[in-house]
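Please read them with the sequence and the model at hand.

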Amino acid sequence: MPTLTTPTPEQATADATQFLGLAPFLRMSIAGDECTAIAQELVTRAQQNPDDAILWMNLSTVMLCLQRTDLGLTIQNQALAMQQVYTLSAVQKPAKLRLLMLMVPGTLSANVPLDCLLENSDIDLIYYYITPEAPFEAPIPEHDLLMIGISATTENLFLLQQLETLTCQWPVPVINAPGYIPHSERHIASRVLQNKPGLTIAQAHPVTHALLTAVASGQMTLSDALPGSDFPVILRPAGSHGGHGLEKITRQDELADYLARVGVEDYFLSKFIDYSNADGQFRKYRISLIDGKPYACHMAISSHWMVHYVNAAMYEDHKKREEEAAFLTNFHEFAARHHAALKAIYDTTQLDYVGIDCSEAPDGSLLVFEIDPAMVVHAMDLEVMFPHKQIHMNKVKTACRELLLSRAFAHADTSADALTGQE
């Protein structure tokens, strides 16, 4: 029997009606292809087929992958003005499940990129894009399960409140119920996870440009502005993601320079916790918490405190990859060591599916940087370079699929029993 695989973007350009999602383009990017050729092909086809919303949506995703953010969002809005629902059909037929995912317009971090874990699966993913002004303007497609795929940004909190009311009597089970998603918003998470057993998280304090300017100019000290605070601190613009505008500030003059460069009105300020190891390296782990059970996704090692996998030389340094392989293999030890903290995250957030970026604090506790359902989790790294990853990422993919199927099938069995009881 031939292997079923998701079509490449090049193959799919021949079919203007095939929605591709993020996964094929992310795979190309990880393999070193900047997607410029496919972008040009999609531009040409979209110009020839200006009424094809799916073609425009695919082009939008490519532009966002190329970090042409403004253009990508403009094209996305054009597509959504024509069509709100986009379906990624299961590669394995017949599909065992139809998952309706509620999404919002925005960048690649705005929604849960679940298709990156469900490539070549037997699950139909139906993306339904909504806004606060028109939550359910288009007809709702038939589905077996609903997932709120919206990240917990400040801008989305009102919409999530709306959805909490709208989905409380939804006829099928809901994954990541909207009332729980705000628990993963940065400053809310840093507050509700304070003082949990075995867990350390630096509280994110909202501060204004005016307040920070007063500190930078010497009109007040940092501890005057925020009792208990002192340099070094971490500053980031409110609403930023992916480390944009995130910097460590160690002195008053650095604060003045930061404010002059960044220049937004609202920020989050956090205590800087030095989590470097004895060798001077910083280690950051990405974990998926699926139905309350932790799974290792990757580990990145860097000499810089702000660790991103793509700039941590993991692709260039085989010693780092060997250490990552050991971490993945022995993750059960890490999970047992931090069982209380991981359980506290699940018990506090009640999220069925969430990503965790973390490390270990000097006192041995789990140091949590961020929790977010919309973290990118994938199994796309080249096996020749990362032969250790596939077996562990397959555990994540299997757990994700089983979460969806078990919830849907349990509901179907309950519904069948109810019907039988009425006969």
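1. Ile290 has Lys293 of strand 12 as its bridge partner. Strand 11 and strand 12 (residues 293-302) pair in the antiparallel sense over 9 bridges; two strands pair if DSSP finds at least two bridges between them. Helices (H or I, at least four residues) and strands (E, at least two) are DSSP runs, numbered from the N terminus.

2. The model is predicted: local features need pLDDT of at least 70, side-chain atom pairs count only at pLDDT 80 or more, and totals for chains, interfaces and linings use all residues. Residues are numbered from 1 along each chain as its sequence is written, and side-chain values use heavy atoms, with hydrogens and water left out.

3. Strand 11 and strand 12 form a hairpin with 2 residues between them. In the turn, Asp291 has a positive phi of about 55°.

4. Strand 11 is also joined to strand 13 (residues 353-360) by 6 bridges, and these two strands run antiparallel. Ser288 has Gly355 in strand 13 as its bridge partner.

5. How many residues of strand 11 are buried? The count is 9 of its 9 residues, where buried means under 20% relative accessible area, exposed over 50% and partly exposed in between (1.4 Å probe, protein chains only). Both faces are covered, with Phe282, Lys284, Arg286, Ser288 and Ile290 on one side and Arg283, Tyr285, Ile287 and Leu289 on the other.

6. Rings of Phe, Tyr and Trp (its six-membered ring) pair if their centres lie within 6.5 Å; planes under 30 degrees apart count as stacked, over 60 as edge-to-face and the rest as tilted. This rule gives 17 aromatic pairs. One of them is Tyr285 with Phe327, stacked at 4.5 Å centre to centre with 25° between the planes. Because Tyr285 lies in strand 11 (residues 282-290) and Phe327 in helix 11 (residues 318-329), the pair ties together parts that are 42 residues apart in sequence. Tyr285 and Phe327 are both buried.

7. Phe19, Tyr86, Tyr127 and Tyr129 form one aromatic cluster.

8. Two charges sit over rings, that is, NZ of Lys or CZ of Arg is within 6 Å of the ring centre and within 35 degrees of the ring normal. Lys248 lies over the face of Phe272, at 4.4 Å from the ring centre. The charged end of Arg321 is over the ring of Phe386, 5.8 Å from its centre.

9. Helix 10 (residues 252-262) has Leu255, Tyr258 and Leu259 buried. Gly263, which follows helix 10, has a positive phi near 60°.
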